[in-house]
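Let's take a walk through a protein model together, one piece at a time. Have the picture open and turn it as you read.

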Amino acid sequence: MSDTLETDYLIVGAGAAGMAFADALLTHSDASVTVVDRRHAPGGHWLDAYPYVRLHQPSAFYGVSSVPLGQDVIDTQGTNAGFYELANADEIRAYFTRVMEQHLLPSGRVTYLPSSDHLGAGQVRSRLADRSWDVRVRRKTIDTTYLEGHVPATSPPPFEVASGVRCVSAGELARTSERPERYVVIGAGKTAVDACLWLLDQSVPPASIRWVKPRESWWMNRRFHQPLTLLPDFLHGTATQLEAIAQASSIPDLFARLEAQGFFLRVDAEEPATMCRGAIVSEVELARLRQITDVVRMGHVRRITTNEIVLDGGSVPTTAAALHVHCAARGLARPPLRPIFEADRITVQPFMWSFACYQFAMLGVAEALVPSDEDKNRLFPPMAYWDANADYLSTFLAALANEQARATVPALAQWAKATRLNPLGQIGLHREHPRVADAMGRIKHFGPDAFKNGRQLLRAQATP
Ligand SMILES: Cc1cc2nc3c(=O)[nH]c(=O)nc-3n(C[C@H](O)[C@H](O)[C@H](O)COP(=O)(O)OP(=O)(O)OC[C@H]3O[C@@H](n4cnc5c(N)ncnc54)[C@H](O)[C@@H]3O)c2cc1C
């Protein structure tokens, strides 16, 4: 059976991007919206997430602008003690369902088509029933899938696994009932970190864990990513970055300076870190990870047999009694950039360093309140997801410059100040705090030189 539906906006994807965009657009316009997702519920990749995943940033600034996530409580126990709570996967899934059922749908302006594929050009087909829709879009289609990532739960291992080898995803790890001789965690990113921390939490001795890391990563210190009462440290972190960028003699020197200030962290201080994807950890988590000393650094895994793990740079022995944990999915996609705003389409891409939901929502506000696509594209130039160390510097500088341009548009500036998704929006409340006064002074002092020197560092890095 085929139906015709008319809508102002068709949003493809009910993940954090589609939900934050829809909420912002509905709040700031009288538009109607149709949301389609092939998954059965809102929340996107969180529906497939491993059970022990949590946000790596506080819940206080994640989700949609109109509906708070969590209670803004500071944890007193565990590896996040002293910092604002981090929602887990169950909380995030329940949150997005609540946002859809109690907030978006009751507006009377939202049609939600779950378990349905968008085939392109407004054609939507149910995955479960003999039903399809021809969605006639009056204004624009919002594509939140352009950068859709790959998570281990939904992607096979990017290496061969011989028969007889025990290899599970990070999610299956939590359901393992047979105790292996040893755990071999494969991957250098956030999923691998979470798997290692979870095993240690389950009283697995560090000596029973082997960690296969193709690269060493830089991590951002959670201390400098705190909202509300801990916001002065956030601004202190911003000032510290500008000061380091203004004074660094090279990109490695910049990271050395920021490591010395505790802003960037790495698990092994002896290993050069070449990956910087913006994930946040606490110093307590890092100290626990350092207990794992059996670390294999021979590049990417190519195949696992019952007696060896073959990597780019050699092989190490393994056994059929070991449990290999696949945490090696490709992660976020990096396709060619395209303008975010087009006549009939919005392609969701990042335009600043970090704060995913703040960005997704701001695009919805801009679509509602900034009339010309040309102006919007000037204010929101897209950037690729970061991966290498230089990406941190280029995106940090570009984001600051664009933030200054957006601050001149009153509607965007007012929203940015008020939304809970912008952790720095409330900084005015802390103006008298000595750390804030000091940070403001340093930002003013080092800001211009940071731009000048940062660009030079990037040029020098690009010149062979
Ligand atoms: C483990 C993990 C932890 C993270 N933690 C944080 C964090 O703490 N803070 C932070 O800011 N970011 C975090 N991120 C980054 C994360 O990418 C964003 O927070 C956000 O959840 C991404 O949402 P999204 O809507 O862009 O993508 P997705 O969640 O992937 O949603 C896209 C949706 O589009 C649907 N879809 C795709 N194609 C079609 C089609 N043709 N038809 C119908 N539907 C389609 C998919 O089914 C999916 O549900 C984390 C990411 C991961 C993997």
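**A walk through the chain**

Two strands count as paired if DSSP finds at least two bridges between them. With two residues between them, E16 and E17 make a hairpin.

Before going on, a word on how to read all this. What you see is a predicted model, in which local features need pLDDT of at least 70 and side-chain atom pairs count only at pLDDT 80 or more, while totals for chains, interfaces and linings use all residues. Residues are numbered from 1 along each chain as its sequence is written.

Now step back and look at the whole. The chain has twelve helices and 19 strands. Its C-alpha atoms fill a box of roughly 65 × 60 × 50 Å, taken along the principal axes. How does the radius of gyration of the chain agree with that of a compact globule? For 464 residues, a compact globule would have a value near 23 Å, and the chain has 23 Å, so the two agree. The radius is taken over C-alpha atoms, and the globule rule is 2.2 Å times the number of residues to the power 0.38.

The chain is assigned two domains: domain 1 (2–149 + 332–388 + 403–413) and domain 2 (160–218 + 266–326). These bounds come from an automatic or database domain assignment. The C-alpha centres of domain 1 and domain 2 lie 32 Å apart. Where the domains meet, 14 residues of domain 1 are in contact with 18 residues of domain 2, contact meaning that C-beta atoms, placed from the backbone, lie within 7 Å. The side of domain 1 that touches domain 2 has eight nonpolar, five polar and one charged residues. In this count Ala, Val, Leu, Ile, Met, Phe, Trp, Tyr, Cys and Pro are nonpolar, Asp, Glu, Lys and Arg are charged, and the others, Gly among them, are polar.

Next, follow the strands. Strands of a sheet pair through backbone hydrogen bonds, either parallel or antiparallel. Five of them form an open sheet in the order E8-E18-E9-E10-E14, with parallel pairing. Strand E8 (166–169) and strand E14 (294–296) stand at the edges, so one side of each has no neighbour in the sheet, as each has a single partner strand. From one strand to the next, the twist averages 25 degrees. Strand E10 (residues 209–212) runs parallel to E14 and is joined to it by three bridges; Arg-210 stands opposite Asp-294 in E14. Helix H4 (residues 190–201) packs on this sheet and touches strand E9 (182–186), E10 and strand E18 (322–326), its direction making about 160 degrees with that of E9. Such angles run from 0 to 180 degrees between N-to-C directions, with axes being lines fitted to C-alpha atoms, for helices over the stretch in contact.

Strand E1 (residues 2–12) runs parallel to E6, and ten bridges join them; the partner of Asp-3 in E6 is Trp-133. Strand E5 (residues 123–126) pairs with E6 in the antiparallel sense over three bridges, and these two form a hairpin with five residues between them. Three bridges also join E6 to strand E19 (residues 345–347), which runs parallel to E6, with Thr-141 partnered by Arg-345 in E19.

Finally, find the ligand. Which of the 28 residues around the ligand come nearest? They are Gly-13, Gly-15, Ala-17, Gly-44 and Ala-356, where a residue is near a molecule or strand if its C-beta atom, placed from the backbone, lies within 6 Å of it. Helix H1 (16–28), strand E4 (116–120) and helix H8 (356–369) each supply at least two residues of this shell, and H1 gives the most, with three. By class, the shell has twelve nonpolar, eleven polar and five charged residues.

How values were computed. Helices (H or I, at least four residues) and strands (E, at least two) are DSSP runs, numbered from the N terminus. Two residues are in contact if their C-beta atoms, placed from the backbone, lie within 7 Å.
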